[in-house]
Amino acid sequence: MIEAITHLPFCGHGPWAANYGRGMARALVLNATYEPLSVVSQRRAAVLVLCDRADSIHGSGEMLRSASIEVELPSVVRLRYYVKAPARRASAVTRRGVFARDRFQCQYCGARAENIDHVRPRSRGGNHIWENVVAACRRCNSHKRDRLLSEIHMRPARVPRAPGRFAWVRQAVPTMPECWRAYLPGDSAPV
Ligand SMILES: [Zn+2]
């Protein structure tokens, strides 16, 4: 399971942690079926490859060096065996999730978003659901107040929708590497 992947042994290839300065760089782990399974540190992904549990599909361009080994840190790896992935439930509406979906852009003017706006205001019967929330800048949010879009001629840049099946991948990293996109079927959000 996922736990098994994230707690794999180090196979005696270390120590290299001292040579690895960018602890935040992440790698996408694909199941044997190429379905996204997990996002782990690139170092962890390199261990999966060194232990013959996965193959590196895309390198990150960064090297991992220790006294006895030198390998390119992977950006995407594919497991050599199939892991039964737990079903992920539809994600709840969260501030972080809305910002991630809308790329931190105000859906009314394109400025950097700071607020969550209910397209149909809650005071007018709007629900707190993915389809009724958008990221908005403070200015647009306060300008709109509790009015309907039709009353003030505002319109979000994109119709708000619930995040896709693999939105958790996008949310796991500040900026998603371009090479990950090919493994996220149905993901149409801009990078
Ligand atoms: Zn705005």
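**From a loop into the sheet**

Author: Start with Tyr 34, which is partly exposed, with 14 other C-beta atoms within 10 Å. Here a residue counts as buried if 20 or more other C-beta atoms lie within 10 Å of its own, as exposed if 12 or fewer do, and as partly exposed in between; C-beta atoms are placed from the backbone. This is a predicted model, where local features need pLDDT of at least 70 and side-chain atom pairs count only at pLDDT 80 or more, while totals for chains, interfaces and linings use all residues. Numbering runs from 1 along each chain as its sequence is written.

Tyr 34 is not a glycine, yet its phi is positive, about 75°. Most residues other than glycine have a negative phi. Tyr 34 sits in the loop between β1 (26–30) and β2 (36–41). Such elements are DSSP runs numbered from the N terminus: helices are H or I with at least four residues, strands are E with at least two.

Now follow that loop into the sheet. It is open, has 4 strands in the order β2-β1-β4-β3, and its pairing is mixed. Two strands pair if DSSP finds at least two bridges between them. β2 and β3 are the edge strands, each pairing on one side only. From one strand to the next, the twist averages 30°. β1 and β4 run parallel, joined by 3 bridges. Leu 28 stands opposite Val 76 in β4.

A helix lies over this. α2 lies across β1, β2, β3 and β4, at about 85° to β4. Axes are lines fitted to C-alpha atoms, for helices over the stretch in contact, and angles run from 0 to 180 degrees between N-to-C directions.

In soluble globular proteins, nonpolar side chains tend to be buried together.

Not counting residues up to four places away in sequence, Val 77 touches several residues, including Ala 27, Val 29, Ala 45 and Leu 48. Contact means that C-beta atoms, placed from the backbone, lie within 7 Å.

Key
Contact = placed C-beta atoms within 7 Å.
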